[in-house]
Amino acid sequence: MKVFQPVEEIHFDESKETEEQFAARSWERHKKRNNSIVVDLFHGQYKSRVECPDCHKVSITFDPFCMVSLPVPSIKKLPLKLVLYLIDKDATIIPKKITLEDLNAKLTVEEILEQIGKSLKKERKNLKLYLFSENKPVEFIDNSKDMQYVNDSPQCAFIFELPGNEEASKGNIPEEKKASPAPEPKKPETPPISQPNPSPIQTEEKKEENTIAQPTPQTIQTEVKKENNKMVPENVKKPEPMQQEKNPDPAPAPSPLIFVKFHVYQEGGQFYNKDKSISYTRMIFLSGSTTANMLHLTAYEKFRSHILTYFKRSADSKNECLIKLEANDNETLTKEYEALFKGKPEDSRFYIINLVNLGYANKSPCINCDKSNCIACQYTEASPLTLQQISEKYKSKEIVFEIRFQKDLRMEYFSLNRCEEFLMDKITKEEEFKNITVYSCLDKFSEIEKLEKPNEWYCPNCKGFKGATKKMELYRAPNLLILHLKRFKNSRVSNYGFYSSYYGSKITSLIHFPLENLDLTPHVKGKPLDSLPLKYDLYAVSNHYGSTGGGHYTAYVKNPFKNIWIDCNDSSTHKATESEICSAEAYVLFYIKQNAFKPPLD
Ligand SMILES: [Zn+2]
Ligand SMILES: [Zn+2]
């Protein structure tokens with residue numbers, strides 16, 4: 001019977017020895033109790049560094065291992081649903097509600113938008129994700145953010161199709177040379193009609209792009225040509241047709257597009273009072289040259305499908321006939337708008353439009369009425385201010401308008417928040433299973449982790465259990481190295497072998513590992529005892545088939561004499577090809593250090 005020698009507890013004291021000396025002492029201590037051929041061949045040493053978050057006491061220990069359990073960089077799936085509302089630039093299209101379940105938390109906004117764009121045949125670059133709280137946008141989500149971030153936010157995710165800003169910043173949207181000529185303050189309703197030159201415009205583009213939503217000069221000019229349109233922006237009086245015709249390619253310096261938000265309230269509701277808006281904010285990019293007239297038409301365009309619904313529900317067939325949703329050209333819109341709004345007393349309109357005083361917080365006067373206590377005041381079609389001028393005066397690239405619906409309307413008739421469920425294919429992360437290698441598992445092994453309950457660390461300084469940070473590293477690697485891939489969430493290693501919990505889940509990803517030349521040089525921190533490079537060859541694999549709770553084990557082993565692989569499956573064995581060795585069933589890998597042993601005899 002073997003008698004174990006008593007061993008003393010040892011501690012690392014930086015002032016008395018080096019880490020290397022302490023590691024050697026720890027190893028000697030291990031050998032005192034466990035000296036055997038198994039230790040010589042299979043055991044290695046970890047270094048673990050634990051730091052107290054409060055007193056920053058650092059504890060370093062060197063512990064032996066006979067097998068390294070490698071965490072598999074797993075894909076965290078979000079258990080919660082993410083609901084996205086897609087707001088089309090075409091206001092007559094019912095917004096789509098997209099429910100995404102079981103999402104990869106690492107999916108970026110960019111990837112989500114890419115796939116949604118594909119499904120809906122939308123340009124990805126025109127889709128922007130915003131977080132909304134109580135119908136108002138509170139945050140624009142950068143495309144590099146991931147779903148974990150979006151999901152952690154309590155707000156609703158809205159995707160807006162906002163064509164324009166990117167094109168504009170690249171100069172792709174042709175804009176006027178003169179960004180915002182001073183409009184004549186008077187008679188905005190009957191601007192002189194010019195006969196601007198219609199510039200070439202792609203039919204497709206025109207069909208797709210809402211002329212109201214995107215009043216680029218060309219679309220406006222084209223529409224203007226068609227008829228005596230009273231909603232003509234004033235600046236088309238100064239077109240530069242020759243220049244545009246001669247030189248259509250180089251994009252003229254774009255006049256900045258202005259981000260316009262329409263907050264929707266019922267009468268009395270106010271932007272600054274944090275009043276609950278009754279519908280989600282409509283957002284759009286508009287040219288700086290947009291006049292009050294055009295803005296009203298744009299707002300009308302955003303709500304006309306709802307106004308039509310209102311007429312239908314209130315059995316107002318006379319007005320119902322006025323709105324022709326199938327057409328959304330400038331002419332139709334203007335005609336409808338004038339029939340419904342023009343010349344009507346304010347209180348018989350569905351809504352009024354107020355310009356929010358963006359300088360109110362700084363006690364700046366309202367630029368519309370000059371009063372310093374004005375929070376928001378009515379921005380009529382007669383207002384002389386173009387968006388560019390408002391933007392300049394408020395020094396803001398964003399302008400906020402309130403759309404205030406009259407109180408005595410039956411708001412439910414408008415269905416302002418109507419949307420429809422859109423079914424989408426599952427969104428997955430492209431490289432989900434592609435790049436997992438035994439090296440990425442080794443990296444993950446050495447990642448700093450926080451010791452959470454119930455595994456907190458007892459800090460001898462603080463005399464209490466602390467959520468310390470812990471970093472594990474391989475310090476010394478044995479000649480025969482066993483790597484266990486932690487495919488089971490609750491897997492443990494006991495004296496009897498590996499087993500898995502019945503309740504855990506199995507990671508079934510393919511983890512790539514080399515059959516030859518596994519290089520541990522960057523992963524082993526201590527100086528090797530011999531001069532051999534830390535290169536290893538695979539000699540056996542234990543495979544696990546099935547899931548948690550039940551399964552079947554097989555093994556691949558290499559016959560070093562014949563240099564062939566053998567598949568061992570219960571009582572049967574057969575020759576295996578090298579290509580089958582690295583499979584998604586691989587569970588425990590057995591490596592041998594190159595040149596550590598004499599080559600086998602033939
Ligand atoms: Zn402490
Ligand atoms: Zn005002």
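Biologist: What percentage of the residues of the protein chain count as buried?

Modeller: This is a predicted model, where local features need pLDDT of at least 70, side-chain atom pairs count only at pLDDT 80 or more, and totals for chains, interfaces and linings use all residues. Residues are numbered from 1 along each chain as written, chains are lettered from A and ligands numbered from 1 in written order, and side-chain values use heavy atoms, without hydrogens or water. Buried means under 20% relative accessible area, exposed over 50%, and partly exposed in between, with a 1.4 Å probe and protein chains only. Of the 602 residues, the buried share is 47%.

Biologist: How many helices and strands are there in the protein chain?

Modeller: Both are DSSP runs, numbered from the N terminus: helices are H or I with at least four residues, strands are E with at least two. The count for the protein chain is 14 helices and 29 strands.

Biologist: Which residues coordinate the zinc ion (ligand 1)?

Modeller: Donors are N, O and S atoms within 2.8 Å of the metal (3.2 Å for Na, K and Ca); water is not among the atoms, so sites may look incomplete. Here the SG atoms lie at 2.2 to 2.3 Å. Along the chain the donors follow C-x2-C-x403-C-x2-C. They are Cys 52, Cys 55, Cys 459 and Cys 462.

Biologist: What is the arrangement of the four donor atoms around the zinc ion (ligand 1)?

Modeller: Four donors count as tetrahedral if all angles lie between 85 and 135 degrees. The ideal angle for four tetrahedral donors is 109.5 degrees. Around the zinc ion (ligand 1) the angles are 100 to 115 degrees, so the arrangement is tetrahedral.

Biologist: Is Cys 55 buried or partly exposed?

Modeller: Take Cys 52 first: its relative accessible area is 0%, so Cys 52 is buried. For Cys 55 the value is 31%, so Cys 55 is partly exposed.

Biologist: What is the spacing of the donor residues of the zinc ion (ligand 2) in sequence?

Modeller: The zinc ion (ligand 2) is held by SG atoms of Cys 366, Cys 369, Cys 374 and Cys 377, at 2.3 Å. Their angles run from 96 to 120 degrees, so this arrangement is tetrahedral. Cys 374 is buried at 10%, and Cys 377 is buried at 13%. The spacing is C-x2-C-x4-C-x2-C.

Biologist: How many disulfides does the count come to?

Modeller: A disulfide is a covalent bond between the sulfur atoms of two cysteines. The rule used here asks for a pair of cysteine sulfur atoms within 2.5 Å. By this rule the count is zero.

Biologist: Why is S12 largely enclosed by the rest of the structure?

Modeller: S11 and S12 run antiparallel, joined by seven bridges; strands pair if DSSP finds at least two bridges between them. S12 is largely enclosed because its buried residues number nine of the nine.

Biologist: Which elements are included in what covers the buried residues of H12?

Modeller: Six of the eight residues of H12 are buried, so H12 is largely enclosed. Leu 387 is one of those buried in H12. Contact means heavy atoms within 4.5 Å, and beyond four places in sequence Leu 387 touches residues including Val 260, Leu 286, Leu 295 and Phe 401. The cover includes S11, S12, H9, S13 and S15.

Biologist: What separates the C-alpha atoms of Pro 64 and Arg 476?

Modeller: Pro 64 sits in strand S2 (residues 58–65). At 34% relative accessible area, Pro 64 is partly exposed. Pro 64 and Arg 476 are 412 residues apart along the chain, yet the separation of their C-alpha atoms is 9.0 Å.

Technical notes: Tetrahedral: all angles 85-135°; square planar, octahedral: opposite > 155°, others 65-115°.
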